[in-house]
Amino acid sequence: MFEAFQFGPMTFWMRTFFLLLAISGSAEFFFRLARSAGLSLQDLRGYARWFLMSFIVGGRIVAILAQYQTYI
């Protein structure tokens with residue numbers, strides 16, 4: 001059967017686009033909220049490596065638990 005349009009690549013790019021859009025929107029919301037509350041973002045800069053590492057490790061732990069269907 002002839003397939004004129006493949007949905008696989010479009011689905012991948014749409015998911016990527018909306019993921020980046022959500023990350024951008026949530027970061028913008030966080031920065032505006034921090035500015036209105038008078039919080040300094042200098043602490044985030046100082047501990048950025050730790051925050052990124054804990055985000056990656058925490059996400060990996062959640063992925064492992066979801067894969068093995070462990071109920072918490």
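Tutor: A pocket is an open set of points on a 1 Å grid over the protein atoms alone, where a 1.4 Å probe fits, with protein on both sides within 12 Å along at least five of seven lines, and its lining residues have an atom within 4 Å of a point. The model before us is predicted, so local features need pLDDT of at least 70 and side-chain atom pairs count only at pLDDT 80 or more, whereas totals for chains, interfaces and linings use all residues. Residues are numbered from 1 along each chain as its sequence is written, and side-chain values use heavy atoms, with hydrogens and water left out.

Student: Which residues line the largest pocket, and how much space lies in it?

Tutor: The lining is made by S26, A27, F30, F31, L44, F51, L52 and F55, and the space comes to about 180 Å³, a volume filled by probe spheres set on the grid points. Helix α1 gives the most to this lining, with 4 residues, while α1 and α3 each supply at least two.

Student: What does the secondary structure of the chain come to?

Tutor: The chain has 3 helices and 0 strands, in the order α-α-α from the N terminus on; these are DSSP runs, of at least four residues for helices (H or I) and at least two for strands (E). Helix α1 spans residues 7-37, and α3 spans 48-67.

Student: How many of the 72 residues, as a percentage, count as buried?

Tutor: Of the 72 residues, 1% count as buried, where buried means under 20% relative accessible area, exposed over 50%, and partly exposed in between. The chain exposes about 7400 Å², of which carbon and sulfur atoms supply 69% (Shrake-Rupley method, 1.4 Å probe).

Student: Which residues make the nonpolar surface patch?

Tutor: A patch of this kind joins nonpolar side chains within 5 Å, from residues with over 30% relative accessible area and no salt bridge. Here F30, F31, L41, L44, Y47, W50, F51, M53, V57, I61 and L65 make a patch of about 1000 Å². Its largest share, 6 residues, comes from α3, and α1 and α3 each supply at least two. One of its members, W50, has its place in helix α3 and is exposed, with a relative accessible area of 58%. F30, F31, L44 and F51 are named both in this patch and in the lining of the largest pocket.

Student: How many aromatic pairs does the structure hold?

Tutor: A pair of aromatic rings is described by the distance of the centres and the angle of the planes. Rings of Phe, Tyr and Trp (its six-membered ring) pair if their centres lie within 6.5 Å, and planes under 30 degrees apart count as stacked, over 60 as edge-to-face and the rest as tilted. The structure holds 4 aromatic pairs. Among them, F17 and F18 are edge-to-face, with 5.2 Å centre to centre and 70° between the planes; F17 is partly exposed at 48% relative accessibility, and F18 is partly exposed at 45%. The rings of Y47 and F51 have their centres 6.3 Å apart and their planes at 55°, so this pair is tilted. Y47 is partly exposed, with a relative accessible area of 48%, and F51 is partly exposed, with 42%.

Conventions:
Buried < 20%, exposed > 50% of the residue type's maximum accessible area, 1.4 Å probe, protein only. Patch = residues over 30% accessible without salt bridge, like charges linked within 9 Å, V, L, I, M, F, W, Y side chains within 5 Å. Salt bridge = Lys/Arg side-chain N within 4 Å of Asp/Glu carboxyl O.
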